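Reader: Could you walk me through one of the helices in this model, slowly please?

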Amino acid sequence: MLEILASKIRNVEEIKGLPFQNMTNNKSIKIVHHADDCTNLLRNAKSLKKLLKLISEFSEVAGPKPNLKKPECLLTVSFRNMYADEKT
């Protein structure tokens, strides 16, 4: 079930992943997953909002709900500044 969601995340253009120097064709990494755990690598707050909306919609249709006690978030300084700008 997670692979279906992961595939959707990879294909949504509005969700921007993190680019890496060795990636070809302007690709970026958006999601890394194993079994029932996943890590999302997002470029900005807009991508995070889109991801959360996508997960909510997926949960309504597919059934499994995310464990909201488990998520963790690591923000970089530039990400925090972007998020602060979007709140105004």
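This is a predicted model: local features need pLDDT of at least 70, side-chain atom pairs count only at pLDDT 80 or more; totals for chains, interfaces and linings use all residues.

Reader: ok, how many residues does α2 have?

Author: Helix α2 (helices being DSSP runs of H or I with at least four residues, numbered from the N terminus) has 18 residues, 45-62, and reaches 25 Å from first to last C-alpha, close to the expected 26 Å, where the expected span is 1.5 Å times one less than the number of residues.

Reader: And what sits at the ends of α2?

Author: Asn 44 caps the N-terminal end, with a side-chain oxygen 3.4 Å from the backbone nitrogen of Lys 46, and just after the helix Gly 63 takes a positive phi of about 110°.

Reader: Why does Ser 47 count as buried?

Author: Ser 47 counts as buried because its relative accessibility is 0%, and buried means under 20% relative accessible area with a 1.4 Å probe, protein chains only.

Reader: What does Ser 47 touch, then?

Author: Leaving out residues up to four places away in sequence, Ser 47 touches Glu 14, Ile 15, Lys 16 and Leu 42, where contact means heavy atoms within 4.5 Å.

Reader: And which residues does Phe 58 touch?

Author: With that sequence limit of up to four places, Phe 58 touches Met 1, Ile 4, Leu 5 and Gly 63, and Phe 58 is also one of the buried residues of α2.

Terms used. Residues are numbered from 1 along each chain as its sequence is written. Side-chain values use heavy atoms; hydrogens and water are left out. Helices (H or I, at least four residues) and strands (E, at least two) are DSSP runs, numbered from the N terminus. Buried means under 20% relative accessible area, exposed over 50%, partly exposed in between (1.4 Å probe, protein chains only). A polar contact is a pair of N or O atoms within 3.5 Å; within protein, one must be able to donate a hydrogen and the other to accept it, and residues adjacent in sequence count only if both atoms are side-chain atoms.
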